[in-house]
Structure formats: C-alpha cells, structure tokens
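Please open your viewer and keep the selection tool at hand. We will go from the overall fold to single residues, one stop at a time.

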Amino acid sequence: MATKINEDCFRCGACRAPCPNEAISRGDPIFVIDPLLCTECVGFDDKQACAEVCPVDGCVADPEHVETEEVLIERARALHPDIDFGENYKSRFRKGE
Ligand code: SF4
Ligand code: SF4
C-alpha cells in the first residue's frame, strides 16, 4: 500500500528529505506522493520515513494503492539498480521479526 499525504499537511517540507525515492513533491495546497515511486520505504527502512517525521500525522496508508511487499521491493530494485538489497532488506512487513 503506497503512502499518501492527507489534508492535515501544512507544507512544512520535513517529509521530503527522508524519502529514499524522491517520491514527495511540493503540491498545492498540500504535498503529494507519487505512488509509482513510493515503496513504503521497503528496502531502506522498517517504517515509513515520511510518516516518522511528519508533525501532524499527515502521511498515511493509501487504500487506493494496496501493494504487496514483493511488489514494493521490486519497485525499489527497479528505482535503485545500483543497490544490492539482497533478501534481508529492511521492510515494515518484517518489523518485529
Ligand atoms: S511533513 Fe507532514 S506537514 Fe510537512 S510537508 Fe510532509 S506531509 Fe506535510
Ligand atoms: S513511505 Fe517512504 S518511499 Fe513512500 S513516500 Fe514516504 S518516505 Fe517515500
């Protein structure tokens, strides 16, 4: 499930830098996440980095874009062909394992 930004966003910009995929851009009236670039941080983190830094809980799961871990890690691999993620990559799906 890709992450999206909700109407609580006040455009502080804090979520952009932590995104490993440059999926977040400055929209109007709120910032927006490109679902074709969002991997829910799979491959890089065991949580959604944007949601971690947002001061108003503006980065939330998008029910319109439900995706499996397999789809998300394949997207990460396609976006970052220079990185060898291996099989023990970080993923929110594996959190607590
Ligand atoms: S961190 Fe939250 S409030 Fe700030 S731009 Fe991102 S979504 Fe909006
Ligand atoms: S969940 Fe991760 S990959 Fe998706 S927009 Fe947020 S920081 Fe970027």
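**The whole chain**

Begin with a cartoon view: the protein has two helices and four strands (DSSP runs numbered from the N terminus, H or I of at least four residues for helices and E of at least two for strands). Starting at the N terminus, the order is β-β-β-α-β-α. The radius of gyration, taken over C-alpha atoms, is 13 Å, close to the 13 Å from the globule rule for 97 residues, so the protein is as compact as a globular protein of that length. That rule is 2.2 Å times the number of residues to the power 0.38. The C-alpha atoms fill a box of roughly 40 × 30 × 25 Å along the principal axes.

A word on conventions: this is a predicted model, in which local features need pLDDT of at least 70 and side-chain atom pairs count only at pLDDT 80 or more, while totals for chains, interfaces and linings use all residues. Residues are numbered from 1 along each chain as its sequence is written, and chains are lettered from A and ligands numbered from 1 in the order in which they are written.

**The two ligands**

Select ligand 1 next. It has 14 residues around it, and Cys9, Cys12, Cys15, Cys54 and Gly58 come nearest (near means a C-beta atom, placed from the backbone, within 6 Å). This shell has eleven nonpolar, two polar and one charged residues. Here Ala, Val, Leu, Ile, Met, Phe, Trp, Tyr, Cys and Pro count as nonpolar, Asp, Glu, Lys and Arg as charged, and the others, Gly among them, as polar.

Now move to ligand 2, where 16 residues form the surroundings and the closest are Cys19, Cys38, Cys41, Gln48 and Cys50. Its shell holds eleven nonpolar, four polar and one charged residues.

Stay on Cys41, in the loop between E3 and H1. Its phi is positive, about 70 degrees, although Cys41 is not a glycine. Is Cys41 buried or exposed? Cys41 is buried, with 25 other C-beta atoms within 10 Å (20 or more make a residue buried, 12 or fewer exposed, and anything in between partly exposed, with C-beta atoms placed from the backbone).

**The core**

Of its 18 residues, Cys15, Cys19, Ala23, Ile24, Ile33, Cys50 and Cys59 touch the most other members. The elements giving two or more residues to this core are helix H1 (49-53) and H2.

Click on Cys50: beyond its neighbours within four places in sequence, it contacts Thr3, Cys15, Pro18, Cys19, Ile24 and Cys59 (contact means C-beta atoms, placed from the backbone, within 7 Å).

**Helix H2**

Look down the axis of H2 and pick its buried residues, Leu72, Arg75 and Ala76. They fall within an arc of 100 degrees, so they line one face of the helix; the arc is that of the directions from the helix axis to the C-beta atoms. On the other side, Glu70, Val71 and Ala78 are exposed.

**Two loops to finish**

Arg11 sits in the loop between strand E1 (3-5) and E2, with a positive phi near 60 degrees. Then find Pro29, in the loop between strand E2 (24-25) and strand E3 (32-33). A cis peptide bond joins Asp28 to Pro29, with omega about 15 degrees.

Notes: A nonpolar core is a set of buried Ala, Val, Leu, Ile, Met, Phe, Trp, Tyr and Cys residues joined through C-beta atoms within 7 Å. Two residues are in contact if their C-beta atoms, placed from the backbone, lie within 7 Å.
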